[in-house]
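Work through the exercises below with the structure open.

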Protein chains: 2
Amino acid sequence: MDIKELISNGVKLTEAQLDKLLPGEDVAPTTLHKAMRYSVFAGGKRIRPLLCLEAARAVCGDTTPALNAACALEVLHTYTLIHDDLPSMDNDDLRRGRPTNHKVFGEGVAILAGDALLTEAFAMLAQVPANELYNVRDYVAELAYQTGSRTLVGGQVLDLEGEGRSLSVDELRAIHNGKTTALIMAAVRLGGMAAAASPEQLAALSTYGRCLGLAFQIIDDILDITSTPEVLGKSIGKDAAVAKATYPALVGMDAARAEAKALTEEGRAALDVFPAERRAALLAISDYLLNRDY
Amino acid sequence: MDIKELISNGVKLTEAQLDKLLPGEDVAPTTLHKAMRYSVFAGGKRIRPLLCLEAARAVCGDTTPALNAACALEVLHTYTLIHDDLPSMDNDDLRRGRPTNHKVFGEGVAILAGDALLTEAFAMLAQVPANELYNVRDYVAELAYQTGSRTLVGGQVLDLEGEGRSLSVDELRAIHNGKTTALIMAAVRLGGMAAAASPEQLAALSTYGRCLGLAFQIIDDILDITSTPEVLGKSIGKDAAVAKATYPALVGMDAARAEAKALTEEGRAALDVFPAERRAALLAISDYLLNRDY
């Protein structure tokens, strides 16, 4: 399994469909549609859509049923980045090596572009085909739960409230669960649901998603300390600069690395319910995320 | 048909269900849930839920199937108010006689409370029962369309872009269509769909919603000039102060009043497809909205 080819294929599939589903830059109001597309088509490895597509493949051998769900996850992820970067949140000027949305379009339009992308995510989800086990009601309930006030948005609030004070490991884990794990859970679960996963298969994907999500955020924290802005495409040392708690700061760098590795192993083991050839891609993604340097 | 009783019953029904559906203030993160509830339970006549409930009654004689849709509309409306009031948008300190959300909870939490309410709207919509003609796929597609980048959010962008320059009547109408009419359309259409409206009935509700929405915004513009802050519960003369185009300013006060009246008449006439006793509430609401002084 060549991870570069896997990612490159996922990017192509997802971006072609996103281009079809999102209103064009010439559609009124053009400023808004330009702002939405500016952030959606800003590059990136499209890990969440890839996880969604490959979760579907693990279940049914085909990624097609999950394509619109994959797009929904990416536009939802993009809305969270736009809003997180705002001056009243993380106040970031740079994202994926480019000026952040509000730096280009102004704060008002950036907030509205995020709102429109969040809305668009549910419109895309309404276009995911129903099957004998799941329908749009289930997809919408799943995405709304994983990204709502108790989870993703809640994690961002905890993050805001935690700035400048010391956090316990449990508090930090609650932030990570909300800000990162919830959407990765949604990605693999929606991919599985779109492919009519059995309860046992969906439980396996959930374990994989939970472990991968936590490991993903721990690695992010490590890279914020050890990487360079050139490699990462964003400011580094920023967490430390604003006295933001990170995993390595709380438990030490070695323990953080060990935990990311253990979580990745636990996630991989959960995939044993799938045939070897169908779980290969999800295994490759988890290895790649553990060992990435950006 | 006593309009006060009608509104009061709608408020009771909607608020009781909203209280059940929204996470309590003691649910973590408590700041976020307090902020969401602060704006959702800020009073108000709950006109959009009422329109949704009464559209269902017009179709099937019962409001029950539309109750969760009515709640979805109200939390979606609340999210737009919170975001519209932000400093980078309309920069309002006062809403329904109380400090705006960001004045109480800060800008970051206010943006996130809006995001969470928008997400919650779709969660509530996923709980609207399917019937022989419509299911959650249709409800979600409808709400996402009426409140997305081409419509509600788009209208807010046009409004931002229009500030401080003179607008044509067509441009102002495009803003009104997006900012006000789209959600009122969604209210009556979702109520009708939840009650299994026939295509003819849904078309009638759409005409009623379109006319009522435009009339509603024209009256709002008139009241911004003629009312007092005490009666209105918000700042007045604000549109003129920021050189915002209004209907009366563009076409004159008499023509604006005449247009609101004509639109209301057109909307009422569309309801002729429903039995007299079932359309009485929608007729009463349109009269009330035309003649209101706040």
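The exercises that follow concern a predicted model.

**Exercise 1. Describe the side of chain B that touches chain A.**

Step 1. Count the residues: 41 of chain B are in contact with 41 of chain A.

Step 2. Assign them to elements. Helix 2, helix 6, helix 7 (136–146) and helix 8 of chain B each supply at least two residues. Helix 6 of chain B gives the most, with twelve.

Step 3. Sort this side of chain B by class: 24 residues are nonpolar, eleven polar and six charged.

Step 4. Compare the two sides. The copies meet through the same surface, because 100% of the interface residues of chain B are also interface residues in chain A.

**Exercise 2. List the buried residues of helix 2 in chain B and state what covers them.**

Step 1. Helix 2 of chain B spans residues 30–40, and its buried residues are B:Leu32, B:His33, B:Ala35, B:Met36, B:Tyr38, B:Ser39 and B:Val40.

Step 2. From chain B itself, the cover includes helix 1 (3–21), helix 4 (67–84), helix 5 (101–105) and helix 6 (107–125). Helix 8 (152–162) of chain A is also part of the cover.

Step 3. Turn to chain A. The buried residues of helix 2 there are A:Leu32, A:His33, A:Ala35, A:Met36, A:Tyr38, A:Ser39 and A:Val40. They pack against elements that include helix 8 (152–162) of chain B.

**Exercise 3. Describe how helix 3 and helix 15 of chain B pack.**

Step 1. Two packed helices are described by the angle between their axes and the distance between the axes.

Step 2. For helix 3 (residues 47–60) and helix 15 (residues 276–291) of chain B, the angle is about 150° and the axes are 7 Å apart.

Step 3. An angle over 145 degrees counts as roughly antiparallel, and helix 3 and helix 15 of chain B are therefore roughly antiparallel to each other. Their crossing is left-handed.

Step 4. Read off the contact: B:Leu50, B:Leu51, B:Glu54, B:Ala55, B:Arg57 and B:Ala58 in helix 3 meet B:Arg278, B:Arg279, B:Ala281, B:Leu282 and B:Ile285 in helix 15. Seven of these contact residues are nonpolar, none is polar and four are charged.

**Exercise 4. Decide whether B:Ala72 and A:Arg150 are buried or partly exposed.**

Step 1. A residue is buried if 20 or more other C-beta atoms lie within 10 Å of its own.

Step 2. B:Ala72, in helix 4 of chain B, has 32 such atoms and is therefore buried. Beyond its neighbours within four places in sequence, B:Ala72 is in contact with B:Ala121, B:Met124, B:Leu125 and B:Leu143.

Step 3. A:Arg150, in the loop between helix 7 (136–147) and helix 8 of chain A, has 19 and is therefore partly exposed. With neighbours within four places in sequence left aside, A:Arg150 is in contact with B:Pro23 and B:Val27.

**Exercise 5. Examine the backbone at A:Pro29 and A:Arg46.**

Step 1. The peptide bond from A:Ala28 to A:Pro29 is cis, with omega near -5°. A:Pro29 lies in the loop between helix 1 and helix 2 of chain A.

Step 2. A:Arg46 is not a glycine, yet its phi is positive, near 55°. A:Arg46 sits in the loop between helix 2 and helix 3 (47–60) of chain A and is buried, with 24 other C-beta atoms within 10 Å.

Technical notes:
Residues are numbered from 1 along each chain as its sequence is written. Chains are lettered from A and ligands numbered from 1 in the order in which they are written. This is a predicted model: local features need pLDDT of at least 70, side-chain atom pairs count only at pLDDT 80 or more; totals for chains, interfaces and linings use all residues. Axes are lines fitted to C-alpha atoms, for helices over the stretch in contact, and angles run from 0 to 180 degrees between N-to-C directions. Helices (H or I, at least four residues) and strands (E, at least two) are DSSP runs, numbered from the N terminus. Angles under 35 degrees count as roughly parallel, over 145 as roughly antiparallel, 65 to 115 as roughly perpendicular and the rest as oblique. A crossing is left-handed if the near helix is turned anticlockwise from the far one by less than a right angle, and right-handed if clockwise. Two residues are in contact if their C-beta atoms, placed from the backbone, lie within 7 Å. Ala, Val, Leu, Ile, Met, Phe, Trp, Tyr, Cys and Pro count as nonpolar, Asp, Glu, Lys and Arg as charged, and the others, Gly among them, as polar. A residue is buried if 20 or more other C-beta atoms lie within 10 Å of its own, exposed if 12 or fewer, and partly exposed in between; C-beta atoms are placed from the backbone.
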